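These are my notebook entries on a structure that I am opening for the reader. I begin with a single residue and then turn to wider features.

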Amino acid sequence: MDAIAAYDLTKIYGGKAALQGVNLQVTEGGAMACVGLEGAGKTTLVRLMAGLGRPTSGECSVLGLSPGFESARLHGMTGTVLQSARLYACMSLWENLRFFAGVNYVPKDQAIERISFLLHRLNIWDERDRTPDQLSTGVLTRAGLARALLHRPRVVLMDEQGAGMDRESAEMVRELLGYALREEGITLLLCSQHMNYAQSICGSFGLLHNGILLARGTVESLRAGGGVRLKAALRLADGREGPQGFRLEEGFWQKEISSEDEMPQLIAQAVGSGTSLYEAVVIRPTLEEIYRAYLAGGRRREEFFHGETGTGPQA
Amino acid sequence: MGRQEPGRRPSHAQKRPGQKQGRQPPQKRGLSRLFSSAEMLLVKKDMAGIWARSSQRALLMLLPVTLVVVIPAVYFVAISLLPAEPGAQLPEAIVALLSGTAEKLDYRQGWLIAFTDLLCPLLFLCVPILTAAASASYAFVTEREGGTLETLLLTTMDVKNVFNAKVTNCTILSVVISGAAFVAFAITAIIAEVFAGVRPFFSWDWLVILVMLTPVLSLFSVVFVAMIITRVHSTGESLQTMGYLILPVAAAYLAQFTGIFRLNFWILGLAALVLGAAAVVLFNMASRGFTAEKLLADEEREAG
């Protein structure tokens, strides 16, 4: 069953499309990251899924509910982390979490237990008596995740995680999300422009640009779909010339390959030619490199179809 | 999958058999019939939040004290210092407004009665308006400004329940402050009356003001501020709306002192009924406009 789904989802603000015909599905227990640059439509996507807005056209559903129409029911089953959503300045972190547990109808004893667990797990227990203005951005981000997980949601929607976070906070958030995915069986939709961060948490990805979902899938399928090739990298003894077709980059002789199945043959060739081979690795492109390849491909296609003079391919 | 008509529930988003419901509001029982536990928490949080802000606290305390204690006290002292020459009389227009009650009184007593009967009710009516508008500015606009309204809209509370809880909280707060302000005014006025040797100020007019007009004006002012929440961008801007709300009271004050009419029992009662009806209409309009999409329109546009 798809826990999160969007069909031809479109949102238009003042004549400008923030999302255009987005289709995506996240199966229950899955973790998907929608990545993109600023203005790609990530926040709009999370807001629509969280019921903070209604689509201009198309549909979306979370756990079988329509977010824009059944938001209160939905919020009982989802936890949403938005960058713009803040904690109350007049209350300490502990009081804030107690308040949000209360308005989410979490019984008092369960709330205390859950808040203690989350604060310890996120390593911010010692900060519990501080007010939000006394907390760093990283601690506030962790607190935001704690708030979203208070009522043990089945779906977690996160926007722009990674921004402004220190290394420890990023690690803590990643660790807690991993726990929630493994042990609590949550479904995660993470929208972020920090692609390496998203890649470290999720297994499938959507590439958003200017409101359009360029592609979706695993890193491997996106790499293949985007025509981004792997690289074979060989480290040879100093001063030795690399095999034919290889170029020296950062101390490794590198060559683009179509699949890792080519590696044994390349290694055999290198060894057979009498070269001292110390190391052989397959360099896989990062999500960010794949995303940039899709953007470049899109631009090339646009230029091909529209050109500078606006003429088509016949021209 | 066909395109969805905006504003219509999508066809596929149907409840599945055995679908887990998530955390839902418990059944309301006993005293909590009026409010759910979440609404009560929100009311308490808003009360504490308003009280925690020194500027808000000062506004809610100083305004009533100035209007119903300081101004009347200054006026009473000034009246007691008036040179009471033999045969000095109140202006005819004022005597006419007091409908015969001033005839048996001396000059100072006449002015005191004129003040407590004609001006003090209007000063007092500013209290529910100003305190309601000030507390509603905090509860609605400051919360939106601070980004916490968005967090609140992500909870299990229905957006209408958030609206109801906030309106109720601000109205109750305004009525309570107005009640305390009336007690403070009564003490000030009674001391002055005892010294001046005149009858107590309390009348049927005051009863209507206290029982009918104060709650209705509080509700009207709160709902008015709640209605403009999507149009203002700061707490300061929303506080300026107090000017619009005070305008009718100032007009009534002018009309009364120029002799057009006197605010009596019947006029006050009628005003309370009309304002009550208007408050209900405004409440429904504001409640309909209180949606996540409208409240967070600016943030959404930025996100888009």
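Is N123(A) buried, partly exposed or exposed? I counted 16 other C-beta atoms within 10 Å, so N123(A) is partly exposed. The cut-offs are these: 20 or more other C-beta atoms within 10 Å of a residue's own make it buried, 12 or fewer make it exposed, and anything in between is partly exposed, with C-beta atoms placed from the backbone.

I note that this is a predicted model, in which local features need pLDDT of at least 70 and side-chain atom pairs count only at pLDDT 80 or more, while totals for chains, interfaces and linings use all residues. Residues are numbered from 1 along each chain as its sequence is written, and chains are lettered from A and ligands numbered from 1 in the order in which they are written.

Entry on two loops. I found N123(A) in the loop between α4 and α5 of chain A; helices (H or I, at least four residues) and strands (E, at least two) are DSSP runs, numbered from the N terminus. N123(A) is not a glycine, yet its phi is positive, about 60°. I then looked up Y105(A), which lies in the loop between α3 (93-103) and α4 (108-121) of chain A. Its phi is near 60°, again positive in a residue other than glycine. Y105(A) counts as buried because it has 21 C-beta neighbours inside 10 Å.

Entry on helix α6 of chain A. In α6(A), I recorded S169(A), M172(A), V173(A), L177(A) and A180(A) as buried. They lie on the same side of α6(A), because their arc around the axis is only 130°; the arc is taken from the directions from the helix axis to the C-beta atoms. R167(A), R182(A) and E183(A) are exposed on the other side. G185(A), with a positive phi near 65°, follows α6(A).

Entry on chain B. I counted twelve helices and zero strands. Of the 304 residues in chain B, 42% are buried.
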